[in-house]
Amino acid sequence: MVSNIAISGMVFQGILSFMLPLVVFIYLRKKHHISLKPVLIGAIIFFVFTQILEKLIHVYVLQVNPTTMDWFENPWLYATYGALMAGIFEEIGRIIGFKFFLKLNRDYKDGLAYGLGHGGIEAIFVGMFASVQFILISVLINSGNFDTQIAASLPGGMADQLKSQLTDTSWHMYYLGGIERIGAFIIQIALSLLVLQGIRKKKNIIFLLAILLHAIIDFSAALVQKQVISIWVVELLLVITVVAAIVFISKIREKMVLTHH
């Protein structure tokens, strides 16, 4: 059985993941008069680069090619691969977005808007959609219909793994997952502003820095998936990273405004 408090945590995560980008959009629209274009470009770039291109490579490397499948059984190699892929695809996506589609949208507010689109659609995919799926599956588990309606259509072992994941996960992890979405959202805005600064300054080293920072942030999360380190280590690192991201977002505004004027 999946407890009611766990399901309420899933609902909390789903609602927060949906409301966060909406509330931030309204705020930035009023305060900074952001344009809709960079928001949409950020969302489209995220979808194309992470949900299509990156996933195609993951399917080949992690599910089709037996050699690489064996390599990435090692949790440290797996974490390195996953972190670098996320960094490379998302940051190259940002570079392409600003360089080719936002030639006239390179002010501070445009960096905020792009980060909103990128981080907002991520929150919806990772937070809201996942929560809705988990809620539906939890209801099936609790009603006794999971084995007849879902398990039969899944490959061997996957149904039991999914069922145990939902029944064994502590309820507070779902609430924590919702709060994590706020942190990830702030980090995505900071990375968008960093890449935008690289475009404005024409310094490729900034792009490399963005990729490495993104990879470092994702590295510990990948190790948690492989149960190498504790989730609380990742949460501590996330708090530190979010604080740094907030400071950067504030500081970079002064530089961009001064450069603009």
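Lys-163 forms a salt bridge with Asp-147, and the closest N and O atoms of the pair are 3.7 Å apart. Lys-163 lies in helix H7 (residues 158–168) and Asp-147 in helix H6 (residues 146–149), so this pair ties together parts that are 16 residues apart in sequence. A salt bridge is here a side-chain nitrogen of Lys or Arg within 4 Å of a carboxyl oxygen of Asp or Glu. Side chains of opposite charge can pair when their charged atoms come close. Helices are DSSP runs of H or I with at least four residues, numbered from the N terminus.

The model is predicted: local features need pLDDT of at least 70, side-chain atom pairs count only at pLDDT 80 or more, and totals for chains, interfaces and linings use all residues. Residues are numbered from 1 along each chain as its sequence is written, and side-chain values use heavy atoms, with hydrogens and water left out.

Lys-163 is partly exposed, with a relative accessible area of 28%, and Asp-147 also counts as partly exposed, at 46% relative accessibility. In these terms, buried means under 20% relative accessible area, exposed means over 50%, and partly exposed lies in between (1.4 Å probe, protein chains only).

By the salt-bridge rule, the count comes to three. Another of these pairs joins Glu-122 and Arg-181, whose closest N and O atoms are 3.7 Å apart. Glu-122 belongs to helix H5 (residues 108–143) and Arg-181 to helix H8 (residues 171–201), so the pair ties together parts that are 59 residues apart in sequence. Glu-122 is buried, with a relative accessible area of 11%, and Arg-181 counts as buried at 13% relative accessibility.

A further salt bridge links Arg-94 with Glu-91, with the closest N and O atoms 2.6 Å apart. Because Arg-94 and Glu-91 are three residues apart in helix H4 (residues 75–101), they are separated by about one helical turn. Both Arg-94 and Glu-91 are buried.

The loops between helices hold two residues of another kind of interest. His-33 is not a glycine, yet it has a positive phi of about 55 degrees. His-33 is placed in the loop between helix H1 (4–31) and helix H2 (36–64), and it is exposed, with a relative accessible area of 57%. Gln-227, likewise not a glycine, has a positive phi of about 60 degrees. The loop that holds Gln-227 runs between helix H9 (204–225) and helix H10 (231–260), and Gln-227 is exposed, with a relative accessible area of 72%.
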